[in-house]
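User: I would like to go through some side-chain and helix contacts in this model. Could we take them one at a time?
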Amino acid sequence: MPKPQPVSDATGAFGFLAAACRWPDDAARRAAIQAAAARVTDWDAVFTDATQHRVMPLVAGAMRDIASVPADIAARSTAIARRDGMLAMAQTAELCRIGAAFTERGVDWITVKGPALALLAYGNVGAKASHDIDLLIDPAARAEAFAVLQALGYVSLDGQDRAEPGSLDHVLKDSGWRHPDNRVMVELHTRLFINRALVPPLGLKSPRETVAVGAGHSLPTLARPDMLVYLAVHGASTNWHRLKWIADFAALTRCSSDAQRAAARACAARIGASDVHDSALALAAELFGDSASPAPATLSHQARRLTAAALRDLTAPHRATLREADWDRSLVVYLDKIRFMPDWAYRREELRLMLIEASSYSPDAPWWRPWVAPFGLAGRFVRRKLTQAVGR
């Protein structure tokens, strides 16, 4: 039965990031930060990894009381954290604006991750860096939602506004939008996961809660138990290759009540994600100690395997962990994806997704491109392996 391997951390960078990502900001966190800082031998590595894992707001704050941090690293980290904080505020304002417009036009919606999660888990939108705003709508409301975004000044990044409604649902779960003035990006989802067989009960029909944002504004999101399960599945489906994802899960778990944590376990069991949820708890306990809810007393073989795979990818050199874009990066990644859920409907869908290239399915692509995409991917795989062989 796989067991988590000891974290390899030659420079102490990952240990400092893990200590910085503990939550809440209590005496235990501050003691962990001081202890981890004493083991850092390369602060450039800390800066690089914090940027790649998108946890700079938490890391920059942790650096403030560490005398050994070089001045230029501290300054650059603070600048990025400030930029991320300003973007988070802009995203929050835009989320309220878009949500109000959706509601006015009768579009049912919720938001996941982003500002709502930051407020629930950390109590501050600036504590969490987000690349974009995630909104979930009913597929039937897609045309209306597109019209709302265009009226608000957003521009489609992938041309889906020109495609026949629903024609790309078999390969895409969202459409990308960006505002040309404030540069805020929106991902408009019609389902939470690209694999349609992956926990389909989670979505727009799930229980909800609202998150207050200032005076007179609130954001609808998944109810706490469903949100915890969603975060576990979202992170584990890519081996948690960004530290921010497990940090968010741990922070939200830690600030949830015993009843909410029990409800999350029940929700996970009901939709067949118990192993995933258990592995997330085990990973949080391994990385953050008592800042996360205790791990289950016993773990299944699958839960242990998921935990071990997550530690493998999280603690690898970061450039080696962002591997979804090219199918030829590592067969291990695809074995992990196939084995992620034992359900055969999930596995069939995952195999289908491996053989396509989503970018081949767009309104501007020629009709033949989706058919030749698998051969192009195979050619890239062979070319890379030949290049590696010649380079040895």
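User: Is F193 buried or exposed?
Analyst: In this predicted model, F193 is buried, because its relative accessibility is 8%, below the 20% cut-off.

User: Which aromatic residue does F193 pair with, and how are the rings arranged?
Analyst: The partner is Y230.

User: What does the pair of F193 and Y230 tie together?
Analyst: F193 belongs to the loop between strand 5 (185-189) and strand 6 (208-212), whereas Y230 is part of helix 8 (residues 224-236); the pair therefore links parts that lie 37 residues apart in sequence.

User: How many aromatic pairs are there?
Analyst: The count is six.

User: Turning to helix 8, at what angle does it pack against helix 11?
Analyst: The angle is about 85°, and the axes of helix 8 and helix 11 (residues 274-288) are 9 Å apart. Helix 8 is therefore roughly perpendicular to helix 11.

User: Which residues meet there?
Analyst: Helix 8 contributes A232, V233 and A236, which meet V276, H277 and A280 of helix 11. Of the residues in this contact, five are nonpolar, one is polar and none is charged.

User: What about R347?
Analyst: Its charged end is placed over the ring of W344, at 5.0 Å from the centre.

Conventions. Residues numbered from 1 in each chain as written. Predicted model: local features only at pLDDT ≥ 70, side-chain atom pairs only at ≥ 80, totals over all residues. Heavy atoms only, no water. Phe/Tyr/Trp six-rings, centres within 6.5 Å; stacked < 30°, edge-to-face > 60°. Helix = DSSP H or I, 4+ residues; strand = E, 2+ residues; numbered from the N terminus. Buried < 20%, exposed > 50% of the residue type's maximum accessible area, 1.4 Å probe, protein only. Lys NZ or Arg CZ within 6 Å of the ring centre and 35° of its normal. Axes fitted to C-alpha atoms, helices over the stretch in contact; angles between N-to-C directions. Parallel < 35°, antiparallel > 145°, perpendicular 65-115°, else oblique. Contact = heavy atoms within 4.5 Å. Nonpolar A, V, L, I, M, F, W, Y, C, P; charged D, E, K, R; others polar.
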